[in-house]
Amino acid sequence: MRKWIAGAALALAAMTGPALADGHASYPERPIMMMVSYGAGGATDFQARIVTMTAGNEDALGMPIAILNRPGAGGRVGWNWFATEAEADGYTLAAYNVPHFIAQSIEGGVSYSTDDFEPIANWGADPAVFVVGADSEFDSMADVVAYAKENPGGLTFSGAGLFVGHHIAALQLEKAAGVKLAYIPNNAGGAGAMRAVIAGEVLGGVNNLSDAFRAQAAGNVKILGVFDLERNAFLPDVPTMKEQGFDIDNASVNFRGVMVPKGTPQEVIDRLAEVVPTMFENKRVQSRMEAGGSPMAIMTRDEVIEMWAARQATLEELLAGL
Amino acid sequence: MTSLPRSQHIIASGLIAAVGVTIAYISYTQEPAEAYVFPRLISSVFAVLAIWTFVKAVLGRTKVGNGISGDAMLKMAPGLVVTLVYVFWAAKALGFYTATTIAFFILVSLYDPAPHTQLKTWVKRIAITAGFMLVMYGLFAQLLNVFTPRETLF
Amino acid sequence: MDFLFYMGDVFTPINFGLLLLGTIGGLILGATPGLSPTMAVALLIPFTFQLEPQQGLILLGAAYTSTVAGGAVSAILLKIPGAPANIATTLDGHTMATKGEGAKALQLSFLASAVGGLFGVFLLIFLTPVLAQWALAFGPSHLFWLAILGVTVIGTLDSSSVVKGLLAGCIGLWLATIGFDDIMGAQRFIFHPSVSGGINVIPALIGLFAIPQVITMFTKGRSSDDAEIISVKRHPIRLAFVEVLRRKTALFIGTITGTIIGLIPGVGGQIAGLVAYDQSKKFSRESEKFGTGHSEGVIAAESANNAMVGPSLVPLLTLSIPGSPTAAVLLGGLLIHGIFPGPDLFMNYPQVAWTFIDSMLIGQILMCIFGLYIAGLAARVARVPHAVMAAVVLGLAVFGSYSVQNSMGDVYVMASLGVGMYFLERFGFSAAPLVLGLILGPIAEANFIQGSMIANATVGMGSYFFTGWLNWLLILIVLASVSYSIWMEVAQRRYTTKDDAVAKEEAMS
C-alpha cells in the first residue's frame, strides 16, 4: 500500500513538476484581481481603475485586471484580508496606501506590516492639504493656529479616519505648531470629511489634494496649505506648510501603488515589476489621470522598497509620542 | 397552545437571552472602552428585551410564532444537510460549479414529487440541472468575470 | 427648460443605442442577486473609457436607473433582494408572487418605479439649488437622530410583536458592530475569521431572506399537492395602471419619502424603501393587509427606491460631493473625462450634463416598458415546482454572495445567518427589522461618535444633540413613532404569525 502511494506521488510529481517549472513563464493565464481597500468611487478606487485599464493590452500583461473593493475601517479590513487570506499566486494584487497601512501596523491591532507585502510599483502621490469653507474667516495657516492657541482643543477639523495620511498630517501640524486641535475622523472617508467642511460642521479639514482641487474649483473651499516638501503643480499658488513656518515634511503624502502578498513566486514579482510601471506610463492613462486631477508619481519596485523603509522609520518616531 | 411550541419557545428565547447577556458582558469588560460605547448601549437593550421575551416564554405568554412541527423537521433534515455540506465544505473543496451541479441535482431529486422509477423523471432532472448551470456559468463566469474557487473540473 | 433643448441628443442613434443597452443590461444586472446598483455601475465604468463623455454618462445613468428597478424582479419572484433598496419590495411582492400574482406585482413595481423615478428626476431638474442646501443641513447630530428614527420604525415593521421586532433590530444592530470599528479601528466580537472584516450587508441580506424560504420549501417534503411556488396568473397591464392610480396614498408617500431620504448624504437609497413602506402602512386605511401580499406595499416601496435616484445626485452635481456610493462611482465616470461636477457644470458642459439628465428621464420610461415586458414573460414561466425553486434560490444565493467580494467568508456568513433566521422566523421574529438594524447600526454609531467629538471640542453634548430646529423636529418624530408603536402593541389585536395572517386574509377574500 505504501509503495503504491509512493508511486502515485512520484507520478504526480512527474506530471506537475514540469508544469510548475514553466508555469510562470506563461503568467498571466487568466484575468487578475486587484483588491482596493476603499469603497467604489473613492480616490484610490477611481485611480486604480484608470491605471489598470490597459493591463489587457498585448504589450502589457495581456490579461485584464478586475478591481474588487473591500472597504472598511480606514483600509484595515482589506489589507488584513490580503495579508492573511489572499492567495500568493500572482493573480491577487492589491492597491497600497502609504502612510496608511504602515501607520496602522505600527499602531497595532492588525495582522499586517511592511514585511507581509511585496511592492510592485507606485503610481501616484497625493499630498494632504488644509481646507476651510469658502466663507471661512481663516485666510492662512497663521490664522488657523492663532485661533487654536486662543481655544486649545476647540479647533475642530475633519479627516478621512484615524491612522491614515490625513491623521498623520494633523499630528504633524499639532506638533509643529505646538497647539492642541480637535481632529474629527469621518467614517465616510475623504468625501465625508469634505462635506463636513463645506457644510460648516467643522472649522476646517485635512483632505486629499485631488479632491480639494475640485472642491476649490467648484467654489466651495479655500486651500490654505500643502503638507509636502514642494508646491504642487495643480496648485502653484498654495504655499507649503514649511513656507508658512511649520516644520512639516512629506510624511503624510498619500502614495498609491500595487503590491502582492509575501510568498508570491519571484518570477511573477519580477514580471509584474517590469510590466506594471510601463502600464502607468501609457499616454492614455496619463491623460486620464491628469484630467481627473490626480497627481502621478511613478516609482519602480526598488524605489518603493526604499520609500516604505523610510516611511516606517519616520512614522515610528512620530507615533511614538502618542 | 400545545406544549411543543411552548418548550421550543423557552429553548429559543433562552438561547437568544444567553447571546444577549454574553455580548453585554463582553461589551462591558473588553478594552479599549471607547470602542465599546455603542456596543454597550445596544447590548444592554438587547439583553433586557431578550430576558423579557424569555420570561414571557417560561410563563407561557408568548403570542407569536408557531415553532417547528416534528413533521417539518423530518422533511427539512435531508435538504438542510445537503445545503450545509454544499455551502460549508463542497463549494470550496470541489469548486463552485462542480459542487453546485451536484447539490442542485440532489436537491431536485430529493424533493421532486415525480416517481423515481421512471427514466423520464431523471432525464428531466438532468436537463434542469444542466440548464441552470449554463445560466450560472454564462452570468457569473462570462458576463461578470467572477473567479470562483475551481478545484475539480471547472 | 434647458433640458428640453438637449432632449434631441438622447435620440441620436449611438446615444439611444447606449441608452437601450444600459437599460436592458441594468435590468439584468439588477436582477442578479448580490449585484447592488453601485457594483453594477462600477462594472460599467471601464466601458466608458472608450466613449465620449456624453455617451459614457448616458450608459451609466441608464444603468443606475434600471438596476434599482431590476432588483425588484429577484425580490418578487425569488425573495432575494438584490440590494437594500429592494428589501421592502419582498415583504408584499413575494407574498403576492406565492399567491400567483407575480405578474401583477412586477407590473405594479415597474409602474410605481417609473412614477417615482420621473418625479425624482424632475425634482433634480427644477429644484437642485434649493435641494443642495437641504443636503448640507444634515450634520452628525441630525444623522444620529435620523438613524434612531429608523430604529423606532423597526418595532412596527413586518412584525407581529413590537418587542420581538425591537429584539430583531437589536440583533441586527449588534451584528453591525462585529469587525473593525469604523472610526477607532478596534476589533470587536470577532469569534470566527469569516467575520473579521465585519458582516457585509449584501451577503447578509441574501442569506436572511433567501435561505429561510429555501428551508420552508424543504419542509413541504415531496408533496405533489399544489405546492408550486409561482404559478403566475396573467394580469392585463391596463389593470395595473388602474391599480397604481387607485393607490394614490401609497404612491404619494412612497415618492415623497424616497425623494427626501434620497437627498440625505450617507443614508440614501438603503432605507428609503423600508421607511416608505412603514409610513404608508401607518397612513393606510388597510394597514392590517400589509405583509399579506397587498399592492400598496409594493407600490410604496418601489416608488420610493426609484424616487431617490434623482435627488441622490444633487450633492454630486452641485457641490461635487458624492452623496451615495453610486454617486461616487458616477463621479469617477465624470472625472476620467476631465469633467468636474460643481455649480458651473451646467454652464461649462451643458451638453453633457443635460443629456445625462434627459437620458435618466427617457431611461425611466424605457425601464418601465422593458419591465412590463419582463412581467409578461414571468407569466409564461408558470408552475415552477418547489424542489427546483429551492435549488435555484440556493445556488443563486451562494454565487451572489460570493461575487460581492470574491470571499468564501461571505458565503459562510450568508448561510449561517440564513439558517439562524429560519429558526428565528418560526418564533415570531422577522428579517426586515434585523436588516434595518444592520444597515442603521454603523450610521448611528459613527455619527454619534463624530457628533460627541465635535460637541466635546465646542458647545458640549447637551446643546449639540438637543438644540436647533432640525434636531427638535427629528426628536419629535422619534417620540411620535415610539408612542405609535406602544399604542399599536396595546390596542391592536395581533395575529400569530405572518403565515396565519396570510391565511386569514385569504379566508376573508
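**View 1. Confidence along chain C of the predicted model.** Two residues are in contact if their C-beta atoms, placed from the backbone, lie within 7 Å. Where pLDDT is low, the predicted coordinates should not be read in detail. Chain C averages a pLDDT of 82, with 90% of the residues scoring at least 70. The model scores ipTM 0.92 and pTM 0.84.

Residues are numbered from 1 along each chain as its sequence is written, while chains are lettered from A and ligands numbered from 1 in the order in which they are written. This is a predicted model, in which local features need pLDDT of at least 70 and side-chain atom pairs count only at pLDDT 80 or more, while totals for chains, interfaces and linings use all residues.

**View 2. The fold of chain C.** Chain C has 24 helices and two strands. Its radius of gyration is 22 Å, close to the 23 Å that the globule rule gives for 509 residues, so chain C is as compact as a globular protein of that length. The radius is taken over C-alpha atoms, and the rule is 2.2 Å times the number of residues to the power 0.38. Along its principal axes, the C-alpha trace of chain C spans about 65 × 60 × 45 Å. Among contacts in chain C between residues at least 6 apart in sequence, 80% join residues at least 24 apart.

**View 3. The largest nonpolar core.** A nonpolar core is a set of buried Ala, Val, Leu, Ile, Met, Phe, Trp, Tyr and Cys residues joined through C-beta atoms within 7 Å. A residue is buried if 20 or more other C-beta atoms, placed from the backbone, lie within 10 Å of its own. Of the 327 residues in the largest core, those that touch the most other members are A:M34, A:V129, C:A390, C:V393, C:A397 and C:V435. Helix α7 (residues 102–137) of chain C gives the largest share, 16 residues. Leaving out residues up to four places away in sequence, C:A397 touches C:P33, C:I80, C:I206, C:G207, C:A210, C:I211 and C:M414.

**View 4. The surroundings of C:V151.** C:V151 sits in helix α8 (residues 140–154) of chain C. This residue counts as buried because it has 25 C-beta neighbours inside 10 Å. Apart from residues up to four places away in sequence, C:V151 touches C:G169 and C:L440.

**View 5. Where chain A meets chain C.** In this interface, 49 residues of chain A are in contact with 47 residues of chain C. On the side of chain A, α7(A) gives the most, with five residues. By class, that side has 24 nonpolar, 18 polar and seven charged residues. Ala, Val, Leu, Ile, Met, Phe, Trp, Tyr, Cys and Pro count as nonpolar, Asp, Glu, Lys and Arg as charged, and the others, Gly among them, as polar.

Notes: Helices (H or I, at least four residues) and strands (E, at least two) are DSSP runs, numbered from the N terminus. A residue is buried if 20 or more other C-beta atoms lie within 10 Å of its own, exposed if 12 or fewer, and partly exposed in between; C-beta atoms are placed from the backbone. pLDDT is the predictor's confidence in each residue, from 0 to 100.
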